[in-house]
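Biologist: I would like to go through this model with you. Could you bring it up?

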Amino acid sequence: MFKDTKAVGSFSVNDLQKAKEFYHELLGIEVHEDSMGIMDLLISGGNRIIVYPKPNHQPATFTILNFPVKDVEKTVDELIGRGITFEQYGGEIKTDEKGIMRGNGHGPDIAWFKDPAGNILSVLQER
């Protein structure tokens, strides 16, 4: 039934203006805000992600968006230069001093960071 449809993801934020500045200005994603106060992130390939304001927003406790990149290390350095702080984890997903979990052949290198609403995002090595 849904084999040929394009699914659209969505998530909430507590401040749409801060989200717009973060996704557009810091991450360089094209955004469109409609007259109802809903924002679309216009992702490469014609995909879009809906971002909507929610007064009682609770940040996701899992990764809501993964951005595949050609070079995780270079991307992390660039984002740190733009003021983004990467999460530090231990245990099975132990990160290094930059916040990168090295896959070492068991998965992609990945680094997690948060948007202004506290939602978790990542950059991960393209396959």
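Biologist: Which backbone oxygen does the side chain of Thr75 reach?

Modeller: The side chain of Thr75 reaches the backbone oxygen of Asp71, at 2.9 Å. This is a predicted model, in which local features need pLDDT of at least 70, side-chain atom pairs count only at pLDDT 80 or more, and totals for chains, interfaces and linings use all residues. Residues are numbered from 1 along each chain as its sequence is written, and side-chain values use heavy atoms, with hydrogens and water left out.

Biologist: Where does Thr75 lie, and what does Thr75 touch beyond four places in sequence?

Modeller: Thr75 lies in helix α2; helices are DSSP runs of H or I with at least four residues, strands are runs of E with at least two, and both are numbered from the N terminus. Not counting residues up to four places away in sequence, Thr75 touches Val69 and Val123, where contact means heavy atoms within 4.5 Å.

Biologist: Changing topic, which residues have the most contacts inside the largest nonpolar core?

Modeller: They are Phe11, Tyr23, Leu41, Leu65, Phe86, Phe113 and Val123, in a core of 26 residues. Such a core is a set of buried Ala, Val, Leu, Ile, Met, Phe, Trp, Tyr and Cys residues joined through side-chain atoms within 4.5 Å; buried means under 20% relative accessible area, exposed over 50%, and partly exposed in between, with a 1.4 Å probe and protein chains only.

Biologist: Which element gives the largest share of this core?

Modeller: Helix α1 does, with four residues. Elements that give two or more residues include β1 (9-13), α1 (16-26), β4 (47-53) and β8 (120-125).

Biologist: And is there a second core; if so, which residues does it include?

Modeller: A second, separate core has five residues, among them Met101, Ile110, Trp112 and Leu124.

Biologist: Back to Phe11: what does Phe11 touch?

Modeller: Beyond four places in sequence, its contacts include Tyr23, Leu41, Ile50, Leu65 and Asn119.

Biologist: Why does Ile50 count as partly exposed?

Modeller: Ile50 counts as partly exposed because its relative accessibility is 22%. Ile50 is found in strand β4. Ile50 and Asp40 are ten residues apart in sequence and 4.6 Å apart in space, C-alpha to C-alpha.

Biologist: How do the residues lining the largest pocket divide?

Modeller: The lining divides into 13 nonpolar, four polar and two charged residues. Here Ala, Val, Leu, Ile, Met, Phe, Trp, Tyr, Cys and Pro count as nonpolar, Asp, Glu, Lys and Arg as charged, and the others, Gly among them, as polar. A pocket is an open set of points on a 1 Å grid over the protein atoms alone where a 1.4 Å probe fits, with protein on both sides within 12 Å along at least five of seven lines; lining residues have an atom within 4 Å of a point.

Note on methods
Polar contact = N/O pair within 3.5 Å; in protein donor to acceptor, adjacent residues only side chain to side chain.
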